[in-house]
Amino acid sequence: MTFSIGTIIMQWPLGLYSDNIGRRQAILLSTGIGSIAAFFISFSQSFGLYLLFFSFLFGGFAIPLYSLSIATVNDQLYQEEMVEAASALYVFYGLGSVIGPVTASFFIKLYGMKSMFLFVSIIMVIFLSYDIIRIHFVPKFKIRGQVTSFKSVPATTVTVYNLVKRVKPLNRKKDKEKYRSENGNQEKL
C-alpha cells in the first residue's frame with residue numbers, strides 16, 4: 001500500500017523536477033533514492049515506521065522510472081517515430097518483466113526472502129552507474145521543439161551581399177503602378 005501511495009504522491013513533484021531540471025537528472029535522482037530505499041527495505045526486521053518510510057520512498061522513486069524513461073525517449077523523437085519507440089520500450093519492459101522475477105527467484109533461493117529487495121537494489125545500482133557514465137560521456141540531449149541558441153549563418157556570401165547592396169532601392173509606389181499596368185492588375189507587390 002505504501003508503494004502505491006508513494007508512487008501517487010511523488011509523480012507530480014518528480015515530473016516537475018524532470019521538466020525543470022532535466023530528465024536525466026530526474027532519472028539519476030530517482031534511481032539513487034530508489035536503490036537506497038530498496039537496500040534499507042532488505043534489512044528491515046519487522047513491520048513498522050522504518051519499513052513504511054522506505055517503502056514509500058521506493059514506490060515514490062523507483063516505480064516512476066518507466067514513465068521518466070518514456071518521457072526521455074519521447075523528447076528525442078518526432079511524432080511519427082513515437083509508436084515504434086513505445087513498442088520497443090514495451091518489448092524491453094516485457095523482457096525485464098520475464099528475466100527479473102526468474103533471476104530474483106534464484107537470488108531469493110540462495111539468500112532468503114529479504115534478499116529480493118537487495119537484488120532490486122543491486123540492479124538499480126548497476127542502472128545508476130550506467131546513468132552516471134552516460135551523463136558524463138554523452139552530451140546533453142537537444143529536446144525537439146525546444147528553442148535553443150543558434151549561430152546565425154548568412155544566406156549568401158559577402159561578395160553577393162555587396163553586389164546586392166549596390167542595387168538601387170525600389171520605389172515601391174512607382175513599381176506597383178508599373179507592375180499593375182504590365183500585368184493587368186493581377187497581383188500586388
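This is a guided walk through the structure above, from its overall layout down to single side chains.

What you see is a predicted model, in which local features need pLDDT of at least 70 and side-chain atom pairs count only at pLDDT 80 or more, while totals for chains, interfaces and linings use all residues. Residues are numbered from 1 along each chain as its sequence is written, and side-chain values use heavy atoms, with hydrogens and water left out.

Let us start with the whole chain. The protein chain has eight helices and zero strands, so helices (H or I, at least four residues) and strands (E, at least two) being DSSP runs numbered from the N terminus, its elements read α-α-α-α-α-α-α-α from that end. Of its 189 residues, 24% count as buried; here buried means under 20% relative accessible area, exposed over 50%, and partly exposed in between, with a 1.4 Å probe and protein chains only. Contact means heavy atoms within 4.5 Å. Among the contacts with a separation of 6 or more, 70% come from residues 24 or more positions apart. Gln25 sits in helix H2 and counts as partly exposed because its relative accessibility is 32%.

Now follow the chain into helix H1, residues 2-20. Its 19 residues reach 27 Å from the first C-alpha to the last, close to the 27 Å expected at 1.5 Å a residue; the expected span is 1.5 Å times one less than the number of residues. H1 also bends by about 40 degrees at Met10, with a proline, Pro13, following within four residues. The bend is the angle between axes fitted to the seven residues ending at a residue and the seven starting there. Which residues of H1 are buried? They are Gly6, Thr7, Met10, Leu14 and Ser18. An α-helix has 3.6 residues a turn, so residues three or four places apart point the same way. The buried residues of H1 pack against helices H2 (23-42), H3 (49-61) and H4 (65-75). Just after H1, Gly22 takes a positive phi of about 145 degrees.

Not counting residues up to four places away in sequence, Thr7 touches Gly59, Gly60 and Ile63. Over in helix H4, Thr72 is buried at 12% relative accessibility, and its side chain reaches the backbone oxygen of Leu68 at 2.8 Å.

Next comes the interior. In soluble globular proteins, nonpolar side chains tend to be buried together. A nonpolar core is a set of buried Ala, Val, Leu, Ile, Met, Phe, Trp, Tyr and Cys residues joined through side-chain atoms within 4.5 Å. The largest one here has 17 residues, of which Ile41 and Phe58 touch the most other members. H1, H2, H3, H4 and helix H6 (115-137) each supply at least two residues of this core. Leaving aside neighbours within four places in sequence, Ile41 is in contact with Phe3, Leu51, Phe54, Ser55, Phe58 and Phe117.

Rings of Phe, Tyr and Trp (its six-membered ring) pair if their centres lie within 6.5 Å; planes under 30 degrees apart count as stacked, over 60 as edge-to-face and the rest as tilted. The count comes to 12 aromatic pairs. Tyr50 and Phe54 form an edge-to-face pair because their planes stand at 70 degrees, with ring centres 5.1 Å apart. Tyr50 is partly exposed at 37%, whereas Phe54 is buried at 12%. Ring pairs link Phe39, Phe40, Phe43, Tyr50, Phe53 and Phe54 into a cluster.

Finally, helix H5 (residues 82-111) has 30 residues and reaches 41 Å, close to the 44 Å expected. Its buried residues are Ala85, Ala104 and Phe107, and what covers them includes H4 and H6.

How values were computed: A polar contact is a pair of N or O atoms within 3.5 Å; within protein, one must be able to donate a hydrogen and the other to accept it, and residues adjacent in sequence count only if both atoms are side-chain atoms.
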